[in-house]
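Here is a short note for someone opening this structure for the first time. Please read the points with the model in view.

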Amino acid sequence: MKNTILRGKKISKTFIQSGKEIQILINIDVDIYEGDFTVIMGSSGAGKSTLLYALSGMDAITGGSVKFKGQEISKLSEKKMAKLRANEFGFVFQQTHLVSNLTLFENVAVAGLVAKAGSVKEIYEKTNMLLLKMHAGDAKDRLPSQVSGGEAQRAAIARAMIGNPGLLFADEPTGALNKSNSQEVMSLFTELNKDGQSILMVTHDVRAALHGNRILYLEDGKILDELNLPPYAHDDLKVRETKVNNWLSSLQW
């Protein structure tokens, strides 16, 4: 029996445009399980990123509730929500949002200091360890402008992991990368998940989605269907790819 780490109940998100109410998310019920690599897919405009931001507390919801480890977070003050995000959540986006005048090492270490992830010595040691694990150790003393897109994204993953997050959120993490860098980033996510890291990722890339063990399909602000898979194994890639593509075709992807 899997433990629920994050639970959304009747999540709604609306906004007003030209005097008309537009519904982005419509009464969504969703559980995210500890240790899972959950992927959210759907057509453009389906509300994928909006759901991710709603579940992470980065965007206020119009209705419903979100609970993380049993704690209601959708009504927390911004100060308490910021503390929760720093201590429990990790974030990786399509753009790295690295601080341009800090080296890769400094970008990661500063995040650790903000999260109070240990003593200064411990944070520096962990920063070095994570950058090596993310295959960005050789570039640690360079600025973001001096490294490749793949190196910058791998450093961003290290930054997201410095606080030992309970849940790692990723929004189109391969969207700005070429094929080889995308494959390397997804391999890192797979390794993190094998080590026990819970991950919730939004993607439009089927190749990236193959790394998840659970795929949710969003359409018109609702979860239309889900597909459960065994843990990712490269040896089973062709079978996995066929299964996912057939499922997506049945949903008129």
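1. Start with a pair of helices. Helix α3 crosses helix α5 in a right-handed sense. A crossing is right-handed if the near helix is turned clockwise from the far one by less than a right angle, and left-handed if anticlockwise. Helices (H or I, at least four residues) and strands (E, at least two) are DSSP runs, numbered from the N terminus. The contact draws on Leu104, Asn107, Val108 and Ala111 from α3, and on Glu151, Ala155, Ala158 and Arg159 from α5. Contact means heavy atoms within 4.5 Å. By class, the contact of α3 with α5 holds 5 nonpolar, 1 polar and 2 charged residues. Ala, Val, Leu, Ile, Met, Phe, Trp, Tyr, Cys and Pro count as nonpolar; Asp, Glu, Lys and Arg count as charged; the others, Gly among them, are polar.

2. A word on the source. This is a predicted model, where local features need pLDDT of at least 70 and side-chain atom pairs count only at pLDDT 80 or more, while totals for chains, interfaces and linings use all residues. Residues are numbered from 1 along each chain as its sequence is written, and side-chain values use heavy atoms, with hydrogens and water left out.

3. Now the geometry. Two packed helices are described by the angle between their axes and the distance between the axes. Helix α3 spans residues 104–114 and helix α5 residues 149–161; they pack at about 20°, with axes 9 Å apart. Axes are lines fitted to C-alpha atoms, for helices over the stretch in contact, and angles run from 0 to 180 degrees between N-to-C directions. The helices α3 and α5 are therefore roughly parallel. Angles under 35 degrees count as roughly parallel, over 145 as roughly antiparallel, 65 to 115 as roughly perpendicular and the rest as oblique.

4. How do α3 and α4 cross? Their axes come within 9 Å and cross at roughly 130°. The two are therefore oblique to each other, and the crossing of α3 and α4 is right-handed. From α3, the residues are Leu104, Phe105, Val108, Ala109, Gly112 and Leu113; they meet Val120, Ile123, Tyr124, Thr127, Asn128 and Leu131 of α4. That contact of α3 with α4 divides into 9 nonpolar, 3 polar and no charged residues.

5. Is Thr127 buried or exposed? Thr127 is buried, because its relative accessible area is 0%. Buried means under 20% relative accessible area, exposed over 50%, partly exposed in between (1.4 Å probe, protein chains only). Leaving out residues up to four places away in sequence, Thr127 touches Phe105, Val108, Ala109 and Ile162.

6. Helix α5 also holds Ala156. At 1% relative accessibility, Ala156 counts as buried. Beyond its neighbours within four places in sequence, Ala156 contacts Phe91, Val92, Thr96 and Leu98. Ala156 and Asp59 are 97 residues apart in sequence; C-alpha to C-alpha, they are 21 Å apart.

7. Next, the aromatic rings. The whole structure has 9 aromatic pairs. Rings of Phe, Tyr and Trp (its six-membered ring) pair if their centres lie within 6.5 Å; planes under 30 degrees apart count as stacked, over 60 as edge-to-face and the rest as tilted. Phe89 and Phe91 have ring centres 6.2 Å apart and planes at 85°, so this pair is edge-to-face. Both of these residues, Phe89 and Phe91, are buried. Phe89 and Phe169 are also an edge-to-face pair, at 5.0 Å centre to centre and 75° between the planes. Phe89 lies in strand β6 (residues 89–92) and Phe169 in strand β7 (residues 167–171), so the pair ties together parts 80 residues apart in sequence. Ring pairs link Phe68, Phe89, Phe91, Phe93 and Phe169 into a cluster.

8. Thr38 counts as buried, at 0% relative accessibility. Which residues does Thr38 touch, not counting residues up to four places away in sequence? They are Ile32, Ile199, Leu200, Met201, Arg214 and Leu216.

9. Finally, two backbone points. His135 has phi near 60°, a positive value in a residue other than glycine. His135 is in the loop between α4 and α5 and is partly exposed, with a relative accessible area of 48%. Asp220 has phi near 50°, again a positive value in a residue other than glycine. Asp220 lies in the loop between β9 (214–219) and β10 (222–228). At 61% relative accessibility, Asp220 counts as exposed.
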